[in-house]
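Q: Could you walk me through this model, feature by feature?

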Amino acid sequence: CLVQAVLVHRAIVPGLDAVAFVESAQRIESDGLLNTARHQREQPLFAAWLWLVHEGLDRSVGASRSSWATSAQLAAAIPLVLAVVPVYFLSIRLFGPAAALAGSLLFCVLPEAARLGADGISDSTHLLFFSLAFWAMVVYLTPRADREQQRTGTGIVGPNRTAPPALPCPARSLFGSPLGLLGAGVLVALALLVRAEALVLLASFATALGAFQLRARRRQPWRRLAGALGCLALGAAAVLAPYLAAVGATSPRTVVERLLGRHEVEQASPPGPTSVGAAAEARLVETAEPMSLATKDPTTSLRRRGYAAAVLQYTEELAAAFGWVFGAFALYGLWRLRTVPARAVDQFARVYFLLFSLAVIHFASREGYLGARHLLTLVVVGLGCAGYGVLQAGQHVRAWIGPRLRYNALGESRPQVRPCGALCVPALVLLAAAIPLVQLAEPLHASRAGHRLAAEWLAAEAGVAGAVLDTRGWTSLYSGRPTYRY
């Protein structure tokens, strides 16, 4: 919470995508939620949440010119603070309590995740619902015996974990109640109303359950499998069906477009000269040269497309999403766990990692674009492994500087105990968490200070009333004037 407060306070402006979410929230304020959802391309949940935060902020502290910018940052920061809870409990199921505690601390200072609040974008809300849904699925896949061990603190992951039994076990001892997946379906649907990536989680869970049926050790009765998938689908349908009916998505094509956020809508034209003759009369103030309001050539692009470029970009952005230090600890933790027998939850996490990576690479090969924030769901799953890697590295350091044999004058050996050895593990965890603070100390979007200064000048000095034409839209968050992006 403290990290988010500092980042939001020091950010010069929110992220560029926050401008679009503010515009959607403003349309909800003027036209209503239902009408806005019908006529916009993106999923509506975060814009609706942003509108609610803005209403609460205005009623509590009063309206101001920058209230929409503050509301966007608060709407993004609140879910990010809450996401630490499911990340911790999810990591307990996968890697044990100690690694979960270390991984949750790393999550709080992870640069790519921590900046989401100050950016004022929907990714933090998606991460919250995704983490809760993944946690609910992992709870279902955790046998009752493992849950008892984790509750008592004896189920810590390590090389001494015993292998699963070779003989088939009763289905009720393998997995939890299918009714628990109703909540998972609701959470996945809520995540889908924020971003489309949650579809991969549904596909991964269904794929993992299907793969378990091929192995006698994890096989469950087909009726029970159908009940689990049915509960998951019912929970998702309880949220998605009313939304799809409200926006008029009746055909399979429109349903897919709505869920993927690819519904085509008419873009509003910017105000001012639109005809060729009027555009010729508009001139720049400094040089008196004619202004061009023509549409940018869509064939001009610097994006790299193709699978080779996509794999390279995926590798770079995944390292950036984890942070190079945390990523190194995650790889070390994964290497330390290489001989540990895989449980159902481990195999489910691997299936999700594989399917999501393939989907992202395919998307990047077509669009030529991929950001580190798009891979944060993989980070949520793997941060517990990074925490386990930090703990293992700390134990190695403690063993290295720990007890030593000291020989006295008679040649007798006595153990020399160094008290600082016991502090190696927590000290290394705190050191790993402190490294990203150097990167977070720099104010976000410092290069966009000109937009903030221009907005403040428009609000304080511009004597002519009227709308503002802005190529990015940042001035609309602080000027209090009607602004059109072009």
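Q: Which helix gives the most to the lining of the second largest pocket?
A: First, some ground rules: this is a predicted model, in which local features need pLDDT of at least 70 and side-chain atom pairs count only at pLDDT 80 or more, while totals for chains, interfaces and linings use all residues. Residues are numbered from 1 along each chain as its sequence is written, and side-chain values use heavy atoms, with hydrogens and water left out. Helices are DSSP runs (H or I, at least four residues), numbered from the N terminus. A pocket is found on a 1 Å grid over the protein atoms alone, as an open set of points with protein on both sides within 12 Å along at least five of seven lines; its lining residues have an atom within 4 Å of a point. Here α18 gives the most, with 6 residues.

Q: What is the volume of the second largest pocket, and which residues are the closest to its centre?
A: A volume is the space filled by probe spheres set on the grid points, which are joined across faces, edges and corners. For this pocket that comes to about 690 Å³. Of the 27 lining residues, Ala330, Leu334, Phe353, Gly382 and Cys385 are the closest to the centre. At least two lining residues come from each of α6 (84-95), α17 (307-322), α18 (324-336), α19 (344-367) and α20 (376-401).

Q: How do the residues of that lining divide into nonpolar, polar and charged?
A: Ala, Val, Leu, Ile, Met, Phe, Trp, Tyr, Cys and Pro count as nonpolar, Asp, Glu, Lys and Arg as charged, and the others, Gly among them, as polar. The second largest pocket has 20 nonpolar, 3 polar and 4 charged residues in its lining.

Q: Which residues line the largest cavity?
A: A cavity is a set of grid points where a 1.4 Å probe fits but cannot get out. The count is 1 cavity of 30 Å³ or more, and about 70 Å³ of space lies in the largest cavity. Its lining consists of Asp123, His126, Leu127, Arg195, Glu197, Arg373, His374, Leu375, Leu376 and Thr377. The largest share, 3 residues, comes from α9, and by class the lining has 3 nonpolar, 3 polar and 4 charged residues.

Q: How many salt bridges are there, and which residue forms one with Asp17?
A: Look for a side-chain nitrogen of Lys or Arg within 4 Å of a carboxyl oxygen of Asp or Glu. The count comes to 9. Asp17 pairs with Arg373, with the closest N and O atoms 2.9 Å apart. This pair links distant parts of the chain, since Asp17 is in helix α2 (residues 16-31) and Arg373 in the loop between α19 and α20, 356 residues apart.

Q: Is Arg373 buried or exposed?
A: Buried means under 20% relative accessible area, exposed over 50%, and partly exposed in between (1.4 Å probe, protein chains only). Arg373 counts as buried at 18%, whereas Asp17 is partly exposed at 37%.

Q: Where does Phe46 lie?
A: Phe46 is in helix α4 (residues 45-61) and is buried, with a relative accessible area of 1%. Its C-alpha atom is separated by 7.1 Å from that of Thr125, 79 residues apart along the chain.

Q: What phi does His445 have?
A: His445 has a positive phi of about 55° although it is not a glycine. This residue lies in the loop between α21 (424-440) and α22 (449-460).
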